[in-house]
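Subject: Structure handover

Hi,

Here is the structure I promised to pass on. Please open it alongside this email. My notes follow below.

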Amino acid sequence: MASNTLTITDNRTGKKYEVPITDGTIRATDLRQIKTDADDFGLMTYDPAFMNTAACRSAITFIDGDKGILEYRGYPIEQLAEKSTYLETAYLLLNGELPNNTQLAQWMHDVTYHTFINENLKGLLDAFRYNAHPMGKLIATVAALGTFYAEAKNISDVEGRRRQITRIVAKMITIAAFGYRHMVGQPYAYPDNDLSYSGNFLNMMFKTTETKYVPNPALERALDVLFILHADHEQNCSTNAMRAVGSSHVDPYSAVAAAAAALYGPLHGGANEEVIRMLTQIGSVSDVPAFIKKVKAGEGVRLMGFGHRVYKNYDPRARIIKQVAYEVFEVTGENPLLDLALELERIALQDDYFVKRKLYPNVDFYSGLIYQAMKFPMDMFPVLFAIPRVSGWLSQWEEMLQDPDQKIARPRQIFVGPHRRDYVPIAKR
Ligand code: CMC
């Protein structure tokens with residue numbers, strides 16, 4: 001009868017070991033019993049970049065990369081994008097279930113009434129140079145925000161954690177928008193409690209002299225859908241940073257700042273900006289074939305917004321975003337780069353090079369075009385990613401804190417440096 005175990009023969013010693021298989025994994029610590037002698041530390045696994053290591057058990061986000069499936073708490077991303085709102089989706093991620101009317105009303109009220117930030121934080125923003133990158137300002141401001149809530153350090157207080165989560169989700173739009181206003185030298189626009197989460201963000205970004213800012217409903221909805229699509233994506237680089245830093249039991253503001261720093265990197269949150277740069281560089285539809293040729297020649301040029309570590313079919317978020325792009329362009333007028341993007345996609349999808357390598361458009365291929373059409377400067381693109389991703393980071397943080405398997409994250413290493421040697425006085429080196 002088949003048994004759920006793995007038998008390992010250590011050819012160094014000829015000994016056999018049997019380790020249990022659970023959920024398609026073996027426990028790395030089970031390998032430690034495999035030793036050559038009593039002094040041996042025991043066998044470890046070597047897995048830089050966690051290519052094949054599950055670092056947690058999670059019930060939040062499910063991805064099947066081969067089939068192009070993305071689900072939050074079991075709900076398909078397509079259904080959430082069509083029927084839900086970002087705040088409802090954030091509630092789902094954080095609590096595991098969709099809210100009822102009362103729960104949703106309370107959550108929306110709480111988030112809305114926590115959007116104001118302490119006035120001292122404006123002083124912090126003012127200290128930055130006019131051309132400071134908004135993502136750098138976001139990271140610093142979120143970290144600084146934690147100093148206003150000393151009780152946030154008490155991460156074992158369940159109610160307290162909930163309060164900090166509400167504050168962070170709420171204040172992200174204010175911090176992000178204030179960072180933008182500082183960049184363009186405009187006075188800060190304050191939150192308006194009559195508006196939705198996305199509408200309020202647009203208000204704080206773009207309000208000028210009008211007494212009351214009225215967001216365009218199509219753009220407000222488009223932004224909300226983009227927020228839903230970016231809310232979580234299981235164990236990616238920034239989420240891993242959130243969990244690793246949070247595992248030291250630091251306050252959630254510091255952990256979110258660390259996660260945002262991970263997101264700032266061009267390999268993670270910066271690809272949509274690269275797509276715009278690439279399209280601008282290509283210049284015109286007639287230059288697309290020559291560009292594709294360069295990509296295929298492997299001259300260090302990649303088709304940005306294509307390919308994914310996990311999705312080897314179509315990134316389901318890309319399909320939704322393409323649809324949203326058309327809805328936004330109805331209002332803003334077409335982004336002149338759209339034709340170029342469509343031609344690139346058309347050629348790539350029928351080209352053997354891309355088909356063979358399973359390279360399809362990812363979430364970033366069209367999102368930059370939408371943001372640009374909505375008048376967000378490119379430097380704001382990673383900030384727009386970070387705003388909704390905090391709900392994912394905080395859900396994963398909560399789950400990590402409640403998981404009895406979790407401890408402070410502390411990987412092992414294979415030491416390859418010199419072993420003990422005596423100090424040499426500087427005159428003798
Ligand atoms: N353009 C041209 N060739 C590509 C591309 C691309 N965008 N992506 C992968 N390849 C080729 C690559 O050269 C390699 O070819 P070969 O086997 O001949 O050496 C093969 O496809 C496998 O690539 P890989 O680099 O081993 O794949 P990976 O899983 O490590 O990389 C990726 C995934 C997303 C980093 C990569 O596809 C890429 O650099 N894409 C462009 C950047 C981008 O759009 N990033 C956004 C990712 S979605 C955002 C998110 O979910 O956080």
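Asp10 has its bridge partner in β2: Lys15. Keep in mind that this is a predicted model. The two strands involved are β1, residues 5-10, and β2, residues 15-20. They pair in the antiparallel sense, over six bridges. Together β1 and β2 make a hairpin, and four residues lie between them. Look at Gly14 in that turn: its phi is positive, about 80 degrees.

Next, the open sheet. Three strands build it, in the order β3-β4-β5, and the pairing is antiparallel. β3 (61-64) and β5 (75-76) are the edge strands, and each of them pairs on one side only. In general, strands of a sheet pair through backbone hydrogen bonds, and the sense can be parallel or antiparallel. β4 covers residues 69-72 and pairs with β5 over two bridges, in the antiparallel sense. Across from Pro76 in β5 stands Glu71.

Now the ligand. Which residues come nearest to the ligand? They are Arg302, Leu303, Gly305, Phe306 and Asn362, out of 19 residues around it. By class, that shell has eight nonpolar, five polar and six charged residues.

- Asn362: a polar side-chain atom lies 2.9 Å from an oxygen atom of the ligand.
- Arg309: an N or O atom of the side chain is 3.1 Å from an oxygen atom of the ligand.
- Tyr353: an N or O atom of the side chain is 3.1 Å from a nitrogen atom of the ligand.

How much of the ligand does the protein bury? Taken alone, the ligand exposes 950 Å², and the protein buries 68% of that.

On to the cysteines. How many disulfides does the structure hold? The count is zero. A disulfide is a covalent bond between the sulfur atoms of two cysteines. Cys56 is in no disulfide, and the nearest cysteine sulfur, that of Cys237, is 14 Å away.

Is Cys56 buried or exposed? Cys56 has 18% relative accessibility, so it counts as buried; the limit is under 20%. Cys237 has a relative accessible area of 47%, so it is partly exposed.

Last, Pro316. Where is Pro316 placed? Pro316 is in helix α13, which runs over residues 316-332. Its relative accessibility is 1%, so Pro316 counts as buried. Pro316 and Val363 are 47 residues apart along the chain, yet their C-alpha atoms are separated by 8.0 Å.

Best wishes

Definitions and conventions. Residues are numbered from 1 along each chain as its sequence is written. This is a predicted model: local features need pLDDT of at least 70, side-chain atom pairs count only at pLDDT 80 or more; totals for chains, interfaces and linings use all residues. Side-chain values use heavy atoms; hydrogens and water are left out. Two strands pair if DSSP finds at least two bridges between them. A residue is near a molecule or strand if one of its heavy atoms lies within 4 Å of it. A polar contact is a pair of N or O atoms within 3.5 Å; within protein, one must be able to donate a hydrogen and the other to accept it, and residues adjacent in sequence count only if both atoms are side-chain atoms. Accessible areas come from the Shrake-Rupley method with a 1.4 Å probe; for residues, only the protein chains shown count as cover. Ala, Val, Leu, Ile, Met, Phe, Trp, Tyr, Cys and Pro count as nonpolar, Asp, Glu, Lys and Arg as charged, and the others, Gly among them, as polar. A disulfide is a pair of cysteine sulfur atoms within 2.5 Å. Buried means under 20% relative accessible area, exposed over 50%, partly exposed in between (1.4 Å probe, protein chains only).
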